[in-house]
Amino acid sequence: MELNRKALADIILEKMLLTENQSRIQYRQSSEKIGYFFIDDLLPEEIAVRIFRAFPDASQMVHKKSLREDKYVAAQMDQYNPLLEEAIYAFQDERIVEVVSRICNLKAITPDENLYAGGISAMGKGQFLNPHLDNSHDKDRELWRVLNLLYYVTLDWELDYGANLELWPNGMDEPQITIHSKFNRLAVMATHNASLHSVSPVKYDGLRCCVSNYYFSQEPLQPTDSFHVTSFRGRPENKFTDAVLRVDAFLRMKLRTLFKKGIRENPHVYKKKD
């Protein structure tokens with residue numbers, strides 16, 4: 001079987017249709033704060049394994065390391081195994097977008113062919129992603145970011161290994177919701193002015209691999225949403241980091257009020273060859 005994006009989308013669509021009612025209920029029950037749903041066993045196991053084994057070595061990806069985050073990312077997909085690009089764009093098939101739209105009760109959402117902050121990512125031992133709000137817009141600051149799709153493909157990844165998605169619907173004074181980044185699970189979460197989320201520190205000597213997409217819209221997810229840069233916080237147990245990252249977010253936001261599209265081009269986009 002040729003695993004191109006259409007073939008993969010055909011399989012994903014079938015699974016999503018089978019679980020649509022369950023996903024809609026899960027999203028609706030959580031949508032008052034941070035709406036989310038997840039689907040397990042999204043693809044046949046042998047296909048999910050092939051996607052996992054197609055991931056490059058971490059040394060071939062971009063290492064983003066700062067007080068905010070520590071992870072490996074990649075968006076220039078023509079540099080890697082073609083299966084990874086096909087897997088990413090399978091989630092941009094209009095039929096998949098339509099089903100996700102129904103589940104989340106959204107209209108006129110669109111995927112991001114530029115893979116702005118999307119693509120693939122990996123996290124190894126000691127790496128993390130601190131609590132944050134995603135950038136509110138696309139790379140051209142024309143569309144609102146409304147949904148984050150994360151497809152996890154690492155074989156035998158246990159909950160206590162870390163690198164799990166964490167949602168903070170009541171802020172960081174209350175316990176987070178942990179969504180295990182288990183093999184062959186798709187997690188979808190809403191992104192808006194209050195969708196604080198993080199990735200727990202990795203405690204295992206291995207790489208947790210993920211295929212990522214974002215969906216955008218002409219309208220914000222909530223009427224109270226406003227423009228903001230990616231804004232990080234420290235974890236509840238690290239007050240000093242939190243104070244530093246609050247100042248960092250404030251200063252970067254001030255810069256964006258002066259320079260609408262930033263002072264430099266964001267390198268994390270897929271620059272396709274003509």
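Which residue in S12 does Ile-109 stand opposite? Ile-109 stands opposite Ser-217. The model is predicted, so local features need pLDDT of at least 70 and side-chain atom pairs count only at pLDDT 80 or more, while totals for chains, interfaces and linings use all residues. Residues are numbered from 1 along each chain as its sequence is written, and side-chain values use heavy atoms, with hydrogens and water left out.

Strand S12 covers residues 208–217; helices (H or I, at least four residues) and strands (E, at least two) are DSSP runs, numbered from the N terminus. Two strands pair if DSSP finds at least two bridges between them. S12 pairs in the antiparallel sense with S4 (residues 109–111) over 3 bridges, with S5 (residues 119–123) over 5 bridges and with S7 over 8 bridges. Within these pairings, Ser-121 has Cys-210 as its bridge partner, and Arg-145 has Phe-216.

Of the 10 residues of S12, 10 are buried, where buried means under 20% relative accessible area, exposed over 50% and partly exposed in between (1.4 Å probe, protein chains only). Both faces of the strand are covered. One side carries Arg-208, Cys-210, Ser-212, Tyr-214 and Phe-216, and the other carries Cys-209, Val-211, Asn-213, Tyr-215 and Ser-217. The charged end of Arg-145 sits over the ring of Tyr-214, 4.2 Å from its centre. This term applies if NZ of Lys or CZ of Arg is within 6 Å of the ring centre and within 35 degrees of the ring normal. Arg-141 likewise has its charged end over a ring, that of Phe-227, at 3.5 Å from the centre.

Arg-145 and Phe-227 are also among the residues that Asn-135 touches, contact meaning heavy atoms within 4.5 Å. Asn-135 lies in the loop between S6 (128–133) and S7 (144–152). Its relative accessible area is 6%, so Asn-135 is buried.

The structure holds 0 disulfides, a disulfide being a pair of cysteine sulfur atoms within 2.5 Å. Cys-209 is in no disulfide either, and its nearest cysteine sulfur, that of Cys-210, is 8.9 Å away. Cys-209 counts as buried, at 4% relative accessibility.

Cys-104 belongs to helix H5 (residues 94–104), where the buried residues include Ile-96, Val-97 and Val-100. Asn-105 follows H5 and has a positive phi, near 55°.

A search of the whole structure finds 4 aromatic pairs. Rings of Phe, Tyr and Trp (its six-membered ring) pair if their centres lie within 6.5 Å; planes under 30 degrees apart count as stacked, over 60 as edge-to-face and the rest as tilted. Phe-91 and Tyr-151 have ring centres 5.8 Å apart and planes at 50°, so this pair is tilted. Phe-91 lies in the loop between H4 (82–90) and H5, and Tyr-151 lies in S7, 60 residues apart. Both residues are buried. Trp-157 and Tyr-204 form an edge-to-face pair, 5.6 Å centre to centre with 85° between the planes. Trp-157 is in the loop between S7 and S8 (165–167) and Tyr-204 in the loop between S11 (197–199) and S12, so the pair ties together parts 47 residues apart in sequence. Trp-157 is buried at 4% relative accessible area, whereas Tyr-204, at 34%, counts as partly exposed. Ring pairs link Trp-157, Tyr-161 and Tyr-204 into a cluster.

Key: Lists of a residue's contacts leave out its neighbours within four places in sequence.
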